Amino acid sequence: MWFRSDLRIDDNPALSNAMQDGATAAVYFLTPEQWCKHDFSPARLSLMARQLDDLTEQLASLNVPIIIRKCADFSAVPAAMAELIVELGASKLYFNHEYEVNEMAMSRNVVKKVRQLTLQTVACHDQCMIEPGKIKTAQGECYKVYSAFKRAYIKAFDQYCRDYYPCPQPQSEIMLHSDKQALDIWLAELERDLVDWRSVWPAGRDAVQNQLNEFLQQAVSDYHEYRDIPSINGTSGLSAYIAVGAISVLECFRAARQLNHGEIDTGQQGPVSWINELIWRDFYRHLLIAFPDLCRHKPFKLDTDKLPWKKDRQLFERWCQGKTGYPLVDAAMRQLLQTGWMHNRLRMVTAMFLTKHLFIDWRWGERFFMQHLVDGDFASNNGGWQWSASTGVDAVPYFRIFNPTRQSERFDEDGSFIRRYVPELAHLSAKNIHQPSKEQAIQAGYPLPVVEHKVAVAQTKSWFADLTQQVS
C-alpha cells in the first residue's frame with residue numbers, strides 16, 4: 001500500500017482493498033525537494049510529518065509495517081518503488097489517485113515501472129466523493145458553474161458516491177519490521193523550526209476525531225450563521241486535516257448527513273451549509289481533471305492574461321506583511337503569518353484586495369498562500385484565487401469587488417478580530433477601527449491606506465471592461 005495524501009486507516013480505499021487482498025505492507029516516500037517546488041508551507045510539512053508518525057502507530061495496531069524512504073523529488077519515486085517491491089517480494093501495488101498534474105504523472109510513471117516487473121497495480125479513488133468525470137452536462141462536458149454542478153452532484157450522489165471503508169481488521173503478523181528512520185530524521189529537522197506548530201495544529205487520529213466531534217456537537221448547527229464571522233470559531237477547523245488526508249471528505253459528509261437525518265440539501269441549515277462547502281472541494285478537483293492547464297499557472301479565462309497585471313514587489317510586500325492600511329485585510333494577513341491559517345471569508349477579502357485594488361497578478365497571491373497555509377491544497381487554493389481575480393471558472397463578475405471596509409463592518413462588527421491581530425488599533429472604537437482617520441493611524445503607528453478604494457476599483461473595472469470589449 002503506497003501512502004501519499006491519505007494518512008489515515010479509516011475510510012482509506014486502497015488500504016482496505018489491499019488488506020482484503022492479502023498480507024500487506026505500507027510504503028511512504030518523503031520528497032522534500034518536490035514539496036519545496038510545490039510551495040508546501042512549514043506548517044503543512046510539520047502536520048504531515050507528525051500525522052505520518054501517528055499513522056505508523058495506527059498501522060502497527062493493524063500489524064501493517066511501514067517502510068519510509070527519502071527521495072529527492074517525484075522523478076526518483078518510480079525507481080525507488082521498484083527497488084522496494086523487489087526487496088519485499090511484493091506481488092501487487094495499491095494506491096489512491098491524486099489529481100494534480102505532477103502527482104498524476106508520478107502515478108503513471110510508478111505504474112509503468114511496476115508493470116515492468118510483471119506486477120499488477122490497483123488504483124482507487126479517494127479524494128473525491130464522486131470520481132472526477134462522472135458528473136457531466138447534457139453535452140458530456142465538465143460543469144463550469146458550481147450551482148449547476150451541485151444540483152447534478154446531489155441528484156447523482158447515491159448512485160455515484162464511492163464506497164465508505166471502515167477501519168480494517170488487524171491482519172496476522174508478518175515477518176517484516178517497520179523502517180521509519182527517514183521520518184525520525186525529518187521530524188528532528190522540523191523540530192528545529194522556530195515556530196512550534198505542534199501546539200497550534202495537533203496531529204493524530206484522536207486529535208482529528210476530537211475536532212470533528214467537537215464541531216458536530218457545538219458549531220455545525222449554527223454554521224450557516226457564524227461561518228463568515230472571523231472572531232468566532234464557527235468553522236469546522238478540519239481543512240488542514242483534510243488536506244493531508246488525516247480524515248476523508250466522505251467521512252465528514254456522512255457525519256453531517258447523519259446529523260441531518262439523511263438529507264443532503266434540505267433540513268437543518270447548518271449541516272446543509274457545511275455539506276455545500278465539501279461539495280465545493282470536489283468541484284475544484286473535478287476541474288483539475290477536465291482542465292489540467294489550471295495546474296500549469298494558466299487562468300481558466302485565457303484572455304485575462306492580457307490584463308496589465310502589476311509586478312509591484314513593494315506593494316505586494318505591504319500586502320504580505322499586513323501593512324496595507326486596511327485593518328481587516330491586515331488582520332487577516334497577520335492571522336495567516338501567525339497561525340498558518342486564514343478564515344475563509346477573509347481569504348476572499350484579501351485575495352480580492354490584492355487582485356482588484358492593487359491589481360497584482362493573482363498567481364503571486366496564490367503562491368504566497370500555499371507557502372503559508374497549513375491547509376494549502378492546490379485545487380481549492382487555485383479555485384479560490386481565480387474566483388476572486390475573475391479569471392477562473394464560475395468566477396465572481398469583475399465588477400463585483402469587495403469593499404474591505406464594508407466587509408469589516410459587516411463581518412467584524414465590533415472589531416474583535418481586528419483587535420486580536422492589529423493590536424495597535426485595539427484602543428479605537430467599534431466605529432473607527434474599520435477605517436481609522438489619518439490622525440488616528442499616525443498616532444497608533446499604523447500605515448495609511450496604500451490605495452484609495454474608489455480610485456482603485458474604478459481603474460480595475462476600466463481594465464476589465466476594455467478587455468471585454470477586445471474579446472467581443
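Hi everyone. Before we start, a pocket here is an open set of grid points with protein on both sides within 12 Å along at least five of seven lines, and a lining residue has an atom within 4 Å of a point. Keep in mind that this is a predicted model.

Let's begin with the largest pocket. It holds about 1000 Å³ of space. Its lining comes to 36 residues, and those nearest the centre are Arg227, Glu277, Trp280, Asn344 and Ser380. Sorted by class, the lining has 17 nonpolar, 10 polar and nine charged residues.

Now for the second largest pocket, with about 810 Å³ of space. Here 47 residues form the lining, and His38, Phe40, Glu100, Glu103 and Phe378 are the closest to the centre. Among the elements that give two or more residues to it are strand 1 (26-30), helix 2 (32-37), helix 3 (42-61) and helix 5 (101-115), along with helix 17. The class counts for this lining are 21 nonpolar, 10 polar and 16 charged residues.

Finally, a look at helix packing. How do helix 15 (residues 327-339) and helix 17 (residues 362-372) cross? Their axes come within 9 Å, at an angle of roughly 40 degrees, which means helix 15 is oblique to helix 17. On the helix 15 side, Met333, Leu336 and Leu337 make the contact, meeting Phe368, Phe369 and His372 of helix 17. That contact has five nonpolar residues, one polar and no charged ones.

Thanks, everyone!

Terms used:
Residues are numbered from 1 along each chain as its sequence is written. This is a predicted model: local features need pLDDT of at least 70, side-chain atom pairs count only at pLDDT 80 or more; totals for chains, interfaces and linings use all residues. Side-chain values use heavy atoms; hydrogens and water are left out. Axes are lines fitted to C-alpha atoms, for helices over the stretch in contact, and angles run from 0 to 180 degrees between N-to-C directions. Helices (H or I, at least four residues) and strands (E, at least two) are DSSP runs, numbered from the N terminus. Angles under 35 degrees count as roughly parallel, over 145 as roughly antiparallel, 65 to 115 as roughly perpendicular and the rest as oblique. Contact means heavy atoms within 4.5 Å. Ala, Val, Leu, Ile, Met, Phe, Trp, Tyr, Cys and Pro count as nonpolar, Asp, Glu, Lys and Arg as charged, and the others, Gly among them, as polar. On a 1 Å grid over the protein atoms alone, a cavity is a set of points where a 1.4 Å probe fits but cannot get out, and a pocket is an open set with protein on both sides within 12 Å along at least five of seven lines; lining residues have an atom within 4 Å of a point. Grid points are joined across faces, edges and corners, and a volume is the space filled by probe spheres set on the points.
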